[in-house]
Amino acid sequence: MKTLISSDVRLLANLIQEGKVVIFPTETVYGIGASTKLEAACLRVYEIKGRPKDNPLIAHFHSIKAIEEVCILGDLGRKLLEKFSPGPLTLILPKKDKSLFPKELATLAVRIPKNPVIRDWIELTGSPISAPSANLSGRPSLTKLADVIRYFDGVVDGILEAEEPSFGIESTVVSLVGKTPALLRPGSIESTELLSILPDLWIPEPTAKNDIRAVPLSPGTKYKHYAPNARVVLATTEEFLYSLKTMSESTLTAWIGFSWTGKEIIGLEEMTEKQSLGKNHRFCSVSSNEDYASKLYAFFESCDLAGIRTIFCEVPKPERGEEGLRNRLEKATGG
Ligand code: TXA
Ligand code: MG
């Protein structure tokens, strides 16, 4: 199949109207989308990703008004969207339009992406766009055009070229359909910010691996997620520094974290010859939790390409951005 790679939103909107599958960037990660009104097109997205059928898709809209036409928004939903949209917030709402994909569900996950070019494209298609993250099921989401092309050129009908993702981890997902609002997936919009509008928000324990409420509420949470082929080790700063100090020249190992400036390892007096990074090693230096999140998935991809066996990830800083990042790191360790 020939994949149309273009920044022409009109051409790519035509593809969606014809029932085709198009990959597009959002501020969080790339999405792989089809018209929410066309069931067969949405089902092809599942086939391409190898995604389990019981894991529903987020519908991407260009405006709050367009969401209201097909869902029951309510006061809380409106307040949340007015405060956090366009942006990385997904709401689970009751459906008004029962014909939308997935037909068998009474609820719809909705979100308005931040990039105006993407909203223009969605508007041009005349439909919301149902899209999971553009990655093979279980693998980390993609944040770089080059990685998208490597996996999906010749597989999807189109790739919309626009500003690459900058947040780097998937949207915060909040359900407004249960008895109490629930945080189904942490992300860049943090629970502390949501509490101002949702004081009774149910927030799962960060380390609860088999929370009974998480499974029925959000089908996606029961599947393995965001994991590269390499083994991921979530390391305290001390463990991180120790692993650097004791690295062997021959093992394919990588590090991502704060305690490295590119020249010296913070906390180690000086690097000896043995400790300098060789061809078997990769390193990614980050300056904040946000910077860490934005670089994480692309680093995982590059490590897998290089055949890296173990990736040491330094724990996030106990400040803004920790919640979503820690969740993805724990998932990547297999937790
Ligand atoms: O940032 C993002 O959210 C990206 C971009 C492309 O928008 N999308 C994304 O989609 O991460 P995906 O499919 O990888 O994750 C969607 C999550 C899944 O955990 C899914 O189970 C949940 O949202 N979800 C979707 N519809 C739902 C529904 N009706 N009820 C409960 N959970 C739902
Ligand atoms: Mg995903």
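Trainee: Which residues come nearest to ligand 1?
Mentor: T28, R51, N55, H60 and S171, out of 24 residues around ligand 1. A residue is near a molecule if one of its heavy atoms lies within 4 Å of it.

Trainee: What should I know about the model before going on?
Mentor: It is a predicted model: local features need pLDDT of at least 70, side-chain atom pairs count only at pLDDT 80 or more, and totals for chains, interfaces and linings use all residues. Residues are numbered from 1 along each chain as its sequence is written, chains are lettered from A and ligands numbered from 1 in the order in which they are written, and side-chain values use heavy atoms, with hydrogens and water left out.

Trainee: How much of ligand 1 does the protein bury?
Mentor: 96% of the 680 Å² that ligand 1 exposes when taken alone. Those areas come from the Shrake-Rupley method with a 1.4 Å probe; for residues, only the protein chains shown count as cover.

Trainee: Which strand gives the most to the shell around ligand 1?
Mentor: β6, with 3 residues. β3 (30-35), β4 (58-60) and β6 (107-111) each supply at least two. Strands (E, at least two residues) and helices (H or I, at least four) are DSSP runs, numbered from the N terminus.

Trainee: New topic. How many salt bridges are there in the whole structure?
Mentor: The search finds 18. A salt bridge is a side-chain nitrogen of Lys or Arg within 4 Å of a carboxyl oxygen of Asp or Glu.

Trainee: Give me one.
Mentor: E68 and R78, 2.5 Å from N to O. The pair links distant parts of the chain, with E68 in helix α3 (residues 64-70) and R78 in helix α4 (residues 74-84), 10 residues apart.

Trainee: What about R150 and D147?
Mentor: They form a salt bridge too, with the closest N and O atoms 2.6 Å apart. Both sit in helix α6 (residues 145-152), 3 residues apart, so about one helical turn separates them.

Trainee: Is D147 buried or exposed?
Mentor: Buried, at 10% relative accessible area. R150 is partly exposed, at 39%. Buried means under 20%, exposed over 50%, partly exposed in between (1.4 Å probe, protein chains only).

Trainee: Which residues are linked in a network of salt bridges?
Mentor: R139, D147, R150, E301 and D304.

Trainee: Last thing. Where are the cis peptide bonds you flagged?
Mentor: One joins S85 and P86, with omega about -10 degrees. P86 is in the loop between α4 and β5 (89-94). Another joins F101 and P102, with omega also about -10 degrees. P102 lies in the loop between β5 and β6. Most peptide bonds are trans.
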